[in-house]
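Please walk through this model, starting from a contact between the chains and then widening the view.

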Amino acid sequence: MILFLPIIKTLLFCIIFQSVFFKLLKISKKLWPHTTIVLYIFFSYFNYNLGIDITEYVALNLMVLISYILFLTIIFNESPSVFLFQNIKKKDLKKRFKKKNFIKHRHNLLKKKKLITSKNVLTKKGTFLYKNIIILSNLFLKETNS
Amino acid sequence: MRLIELFFIFSFLTILINLIKINPREKMIINMFGALVLIFKFNDNVDTMVIDIFFYLCFLYVILNIYTTRYSSIRMNLMSSMMLKKKIMTENELFINRMKRFNKKNKSIMSFNLFYITDKLVKIFRNLLI
């Protein structure tokens with residue numbers, strides 16, 4: 001448990017402080033990736049003790065941080081599937097869904113992150129990201145017919 | 001160094017299983033079975049076993065995210081349409097596409113059960129953070 005407890009403590013501190021930042025101090029939610037990385041690195045450093053193997057500590061923390069950031073994208077960017085799941089029994093579901101403008105929102109995010117140009121053409125950064133995801137998926141987990 | 005070695009072992013195992021021509025859900029089940037056998041076989045200590053299982057679960061979550069990003073992400077769909085000069089998906093098409101996932105006959109990874117578990121966690125974190 002010498003390696004496991006500091007990780008759990010880091011994650012818990014990170015969640016508590018993020019809650020304080022976003023709910024009490026009303027810090028802009030757009031800053032969620034930055035606050036997550038800074039708080040996580042700070043608390044992992046704070047919770048480190050000399051009895052722990054540094055490479056194992058860094059490797060495990062890195063894996064947990066990546067997973068946590070990927071999970072938080074569902075929370076802050078809102079997933080259409082989760083939205084549907086939560087509202088599946090509501091009468092005007094299609095109308096509500098369309099009102100959320102998921103595609104428009106993601107399209108704007110692509111522009112904001114400079115992955116596409118205003119003329120809807122992929123930038124170098126966008127092409128790099130797109131191709132890498134295809135490569136990683138082909139390598140680790142792909143549909144049989146693709 | 002043990003966890004870094006384990007990362008390469010899990011990666012190698014995942015790449016090998018990905019070569020089998022079966023659906024992704026079955027690949028994940030074989031992957032979990034294989035990884036758990038490896039973890040139990042090469043651990044005689046409960047502490048390291050807990051760490052290894054936790055590390056593997058994070059690894060699995062990242063792999064699942066790569067898969068869902070490729071086959072389900074709206075941003076990937078938009079980028080793919082732009083690259084292949086296809087028509088961009090409409091909100092209506094997205095609605096129809098996502099509703100299909102809640103069909104009981106849907107046996108893909110992105111099925112009702114996955115969203116059931118995700119939904120519980122999302123609710124907790126939304127209350128805490130938003």
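In this predicted model, helix 7 of chain A meets helix 3 of chain B through Ile133(A), Ile134(A), Leu136(A), Ser137(A) and Phe140(A) on one side and Ile63(B), Ile66(B), Tyr67(B), Thr69(B) and Arg70(B) on the other. Seven of the residues in this contact are nonpolar, two are polar and one is charged. Two packed helices are described by the angle between their axes and the distance between the axes. The crossing of helix 7 of chain A with helix 3 of chain B is left-handed.

A further pair of helices packs across the two chains. Helix 6 of chain A, residues 102-112, lies against helix 4 of chain B with the axes 9 Å apart and an angle of about 70 degrees between them. Helix 6 of chain A and helix 4 of chain B are therefore roughly perpendicular to each other. On the chain A side, the contact is made by Phe102(A), Ile103(A), Arg106(A), His107(A), Leu109(A) and Leu110(A), and helix 4 of chain B contributes Ile74(B), Arg75(B) and Leu78(B).

In total, 52 residues of chain A are in contact with 53 residues of chain B. On the chain B side, at least two residues come from each of helix 1 (2-18), helix 2 (24-41), helix 3 (46-72), helix 4 (74-83), helix 5 (91-100) and helix 6 (112-129). Helix 3 of chain B gives the most, with 16 residues. The side of chain B that touches chain A holds 36 nonpolar, six polar and 11 charged residues.

What is the secondary structure of chain A? Chain A has seven helices and zero strands, and its elements run α-α-α-α-α-α-α from the N terminus. For its 146 residues the globule rule gives 15 Å, but the radius of gyration of chain A is 19 Å, well over that value, so chain A is more spread out than a compact globule. Along the principal axes, the C-alpha atoms of chain A fill a box of roughly 55 × 40 × 30 Å. Of the 146 residues of chain A, 22% count as buried. Among contacts in chain A with a separation of 6 or more, 49% join residues 24 or more positions apart.

Technical notes
Residues numbered from 1 in each chain as written. Chains lettered and ligands numbered in written order. Predicted model: local features only at pLDDT ≥ 70, side-chain atom pairs only at ≥ 80, totals over all residues. Contact = placed C-beta atoms within 7 Å. Helix = DSSP H or I, 4+ residues; strand = E, 2+ residues; numbered from the N terminus. Nonpolar A, V, L, I, M, F, W, Y, C, P; charged D, E, K, R; others polar. Rg over C-alpha atoms; globule rule 2.2 N^0.38 Å. Buried ≥ 20, exposed ≤ 12 C-beta atoms within 10 Å, placed from the backbone. Left-handed = near helix turned anticlockwise from the far one by under 90°. Axes fitted to C-alpha atoms, helices over the stretch in contact; angles between N-to-C directions. Parallel < 35°, antiparallel > 145°, perpendicular 65-115°, else oblique.
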